[in-house]
Amino acid sequence: MWILVPFGLCLAVSSFRLQPASLVGPAAAQSVLPPTQQSGSGGGAEPAFEPDEIEAIGRLGPWPPPLTRDPSNRVSGNPDAAALGRLLFADSRLSPDGAVACTTCHDPARAFADGRPRSRARVEGRRNAPGLVDVRFNRWFGWDGGDDTLWAMSLRPILDPREIGGSIVGLAGLLRSDPRLSFEYERAFGRAPFAVSDAALAVDAAKALAAFQEALVSPRTPFDAFRDALLAGDATTAAKLPAAARRGARLFVGRGNCALCHGGPTLSHGEFADVGVPFFTAEGVDPGRHGGLKSLRDSPYTLLGPWSDDPARSTAMPTRHVEAQHRNFGEFRVPALRGVAATAPYMHDGSKATLRGVVRHYSTLDLDRLHADGETILKPLGLTEGEIDDLVAFLEALSPAP
Amino acid sequence: MRCGRNRVSPTLRRLAWTFALIGSAVGPVLACEPPDLADGSGVVGRVATLDHALALRSVPSPLPLNRPFALEIALCAQNGTAMASLPKVEAWMPAHRHGMNYRPTVTSVGPGRYRAEGMLFHMPGRWEVIVEIGKDRIPVPVELR
């Protein structure tokens with residue numbers, strides 16, 4: 001399906017469409033009469049949503065949020081840069097043998113994931129390839145948060161020998177030698193690639209890739225219509241969300257405690273957690289956030305580094321103040337959940353094949369796998385099969401209606 | 001460990017919440033009320049101990065969820081002496097046993113006035129800002145919805 005993305009750029013991908021930036025106005029969390037249809041799992045009449053439940057569900061929106069430019073990327077929001085980024089994203093010449101492109105692991109037909117438990121670029125990695133839709137809203141990028149910008153995250157796999165395995169020199173040479181890429185580069189950046197150093201060209205290529213990925217914003221979903229109607233006191237519209245998904249929403253913000261970490265319009269607070277998924281792999285221990293912070297500190301490609309285009313460092317507070325802690329070892333970024341039904345398998349290691357498997361994981365959580373000094377948020381939920389169905393229905397309602 | 005550093009005695013915590021509730025119900029309780037926070041606008045917490053009184057204001061206000069913010073701190077000694085050192089500031093969620101993932105830096109912006117940069121509350125709920133001045137470790141309850 002063709003989708004419209006900002007800047008008039010068109011892209012042949014799956015069913016994602018860009019939505020207008022300000023569809024939903026502020027809404028008051030007042031007690032309203034929600035749908036009172038028959039419950040599937042409980043068997044009785046569905047109780048009214050309480051004001052605190054409405055408020056909590058309200059915090060999962062509005063959608064889409066304002067789309068702001070990344071001040072560290074001077075071509076953020078630039079359609080010409082996005083056009084260059086789109087070309088680069090699918091170009092296997094980024095790899096030394098022409099075998100791997102960004103699309104190898106971030107397939108547009110698979111919501112920019114790859115459907116594999118662990119991604120396979122040049123070699124099989126130890127983590128699942130996350131989808132890229134809504135990636136622009138991240139504070140930290142990658143499962144370990146090793147980058148603090150979308151452009152830095154775009155450069156890392158190009159240079160990683162286990163992923164694309166390219167090089168600064170190779171990337172710069174490609175931009176200079178390919179007439180189409182040279183033309184697109186000059187149009188986007190206002191200068192010829194021949195006049196730019198290899199290092200600067202590589203960063204510019206990454207910023208163009210970021211401009212392209214910024215356009216990947218998920219559309220509104222059945223949940224959003226429900227959420228907005230609930231806040232507006234419109235019981236009729238709210239009732240259009242299937243009853244199972246409504247019950248799942250109540251569980252999500254209530255007894256399930258899911259919204260503590262999966263909160264906000266993207267359904268993630270964007271920080272890191274140990275949720276009891278093993279971080280031992282065949283290649284050794286995956287240190288998760290601990291390693292990500294080390295990568296961040298060692299990288300020249302950060303909001304505090306020389307390649308940022310924002311001299312005021314106006315968005316660099318998290319990078320400046322982030323603190324390494326013991327519990328970071330084995331923590332991974334809490335993923336956003338919009339469109340989650342399209343990005344199986346799940347968890348940082350792809351160990352859960354289905355959303356049902358994920359919910360069951362939290363239902364039967366093994367506390368012995370969690371850090372002994374960790375948070376006290378996670379406890380086995382002990383869900384019934386009906387409640388598991390409801391939570392899965394809610395998660396599926398976070399994708400656009402078919 | 002972070003949660004170890006953050007621990008404050010339950011008695012002191014109850015006392016802090018009591019003072020906070022009184023403050024929000026009947027107005028300022030500070031013996032050394034900082035004048036520029038006296039109108040209460042944007043104040044997210046105020047606490048008095050035997051030794052100190054303080055008030056906190058978030059910038060921006062209201063306190064944002066999952067967004068960086070700064071805290072303006074007005075701090076004074078009950079005996080009227082000047083502050084001898086910079087306070088330290090951190091925050092945690094007692095019910096969840098975790099703190100922020102960020103370490104704020106504190107600068108002096110005037111007599112008894114400080115600014116803590118680098119705060120970020122990534123979850124809604126009950127937080128405690130811990131202001132440490134000398135041997136006085138003062139928990140300031142802050143509710144973030």
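This is a predicted model: local features need pLDDT of at least 70, side-chain atom pairs count only at pLDDT 80 or more; totals for chains, interfaces and linings use all residues.
Elsewhere in chain A, A:Ala48 is found in the loop that runs between β2 (10-12) and α1 (51-58). A:Ala48 counts as partly exposed because 15 C-beta neighbours lie inside 10 Å, a number that falls between the 12 or fewer of an exposed residue and the 20 or more of a buried one. Between A:Ala48 and A:Ala210, which are 162 residues apart along the chain, the C-alpha atoms are separated by 44 Å.

Chain B contains 2 helices and 9 strands, and its elements, read along the sequence, follow the pattern α-α-β-β-β-β-β-β-β-β-β. Of the 145 residues of chain B, 41% count as buried. Where contacts in chain B join residues at least 6 apart in sequence, 53% of these contacts are between residues at least 24 apart.

The two chains also touch one another, with 17 residues of chain B in contact with 18 residues of chain A. On the side of chain B that touches chain A, the elements that give two or more residues are α1 (2-6) and β7 (113-120) of chain B, and the residues of this side divide into 8 nonpolar, 6 polar and 3 charged.

Notes. Residues are numbered from 1 along each chain as its sequence is written. Chains are lettered from A and ligands numbered from 1 in the order in which they are written. Two residues are in contact if their C-beta atoms, placed from the backbone, lie within 7 Å. Helices (H or I, at least four residues) and strands (E, at least two) are DSSP runs, numbered from the N terminus. Ala, Val, Leu, Ile, Met, Phe, Trp, Tyr, Cys and Pro count as nonpolar, Asp, Glu, Lys and Arg as charged, and the others, Gly among them, as polar.
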